[in-house]
Amino acid sequence: MTTTDDHAQKPPRKDPWELPDVSGLVVGVLGGTGDQGRGLAYRLALAGQKVIIGSRAAERAAGAAAELGHGVEGADNAECARRSDIVIVAVPWEGHKALLASLREELAGKVVVDCVNPLGFDKKGAYALTPEEGSAAEQAASLLPDSRVTAAFHHLSAVLLQDPDVESIDTDVLVLGEARADTDLVQALAQRITGMRGVFAGRLRNAHQVESLVANLISVNRRYKAHAGLRVTDV
Ligand SMILES: NC(=O)c1ccc[n+]([C@@H]2O[C@H](COP(=O)([O-])OP(=O)(O)OC[C@H]3O[C@@H](n4cnc5c(N)ncnc54)[C@H](OP(=O)(O)O)[C@@H]3O)[C@@H](O)[C@H]2O)c1
């Protein structure tokens, strides 16, 4: 039986839009020389975030960082991971497992944000692959037991992110993870980018659908010659 007293002792429900200040955190982007990594690095740096892009080759990262400007630095992936507080994984699915397995130590204690979409392509277009672990994000979590693994930024257009003439990125970002403190951080990071909103979308066991949905967005883009984003209504 609950009494009035029990209700009185319950902490007030937290406002889901009350998010932490992440402006002082260093953001690393593994595979940051690619389209998605460059795009995210550009937008976050434009918002005033300190960003380090990583690469398998430090000089490639340095070159891409110099092109991006806005204080972006380049480093090899290991140094990028070591120096960052939040690390976005933006490498192709094919390289995901080996790269994360090699960075377990550097990524320990860090918030890792996986945005990898395991996809195949054939003459019918894009289709979702099903990783053994369930999703790329769950593979990351199993490879990085000492990290705070989340998943987000799957449905962005790297073309729009990189286009300096596009002022606002009109999309929601679905954020998944096991701990509210971690997903709140990533939502707050998404919110640093003009036009973007981070929306909590569940635990990592539901990352597969989110990663797979990109195959549908690619079909939308092809039919309508668009760079489609997503909006979640009524939140
Ligand atoms: N493009 C988009 O619009 C978009 C949107 C949302 C999510 N994503 C996801 O973001 C990830 C990156 O996409 P992208 O289009 O940027 O890909 P990308 O340009 O093909 O690759 C990104 C970078 O990853 C590194 N890389 C390539 N193969 C690798 C390997 N085997 N092992 C380790 N690193 C490797 C390369 O950097 P170095 O050679 O310098 O190491 C490359 O510049 C993908 O998983 C994709 O599903 C992409």
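**Close-ups of the cysteines and the ligand site**

**View A. Cys80 and its closest cysteine.** The sulfur of Cys80 sits 13 Å from the closest cysteine sulfur, the one in Cys115, and that is too far for a bond. This is a predicted model, where local features need pLDDT of at least 70, side-chain atom pairs count only at pLDDT 80 or more, and totals for chains, interfaces and linings use all residues. Residues are numbered from 1 along each chain as its sequence is written, and side-chain values use heavy atoms, with hydrogens and water left out. Cys80 is buried, at a relative accessible area of 0%; buried means under 20% with a 1.4 Å probe, counting protein chains only.

**View B. Cys115, seen from the other end of the pair.** Cys115 is buried too, with 6% relative accessibility. Its closest cysteine sulfur belongs to Cys80, 13 Å off and too far for a bond. The structure ends up with 0 disulfides (a disulfide is a pair of cysteine sulfur atoms within 2.5 Å).

**View C. The shell around the ligand.** Count 20 residues around the ligand, with Thr33, Ser55, Arg56, Arg60 and Val91 the closest; a residue is included if one of its heavy atoms lies within 4 Å. Helix 2 (35-46) and helix 5 (93-102) each put at least two residues into this shell (helices are DSSP runs of H or I, at least four residues, numbered from the N terminus).

**View D. Backbone atoms by the ligand oxygens.** A polar backbone atom of Val91 is 2.7 Å from a ligand oxygen. For Asn117, a backbone N or O atom lies 3.1 Å from an oxygen of the ligand, and for Ala158 that distance is 3.2 Å. On its own the ligand exposes 880 Å², and the protein buries 74% of that (Shrake-Rupley method, 1.4 Å probe).

Definitions and conventions:
Buried means under 20% relative accessible area, exposed over 50%, partly exposed in between (1.4 Å probe, protein chains only). A polar contact is a pair of N or O atoms within 3.5 Å; within protein, one must be able to donate a hydrogen and the other to accept it, and residues adjacent in sequence count only if both atoms are side-chain atoms.
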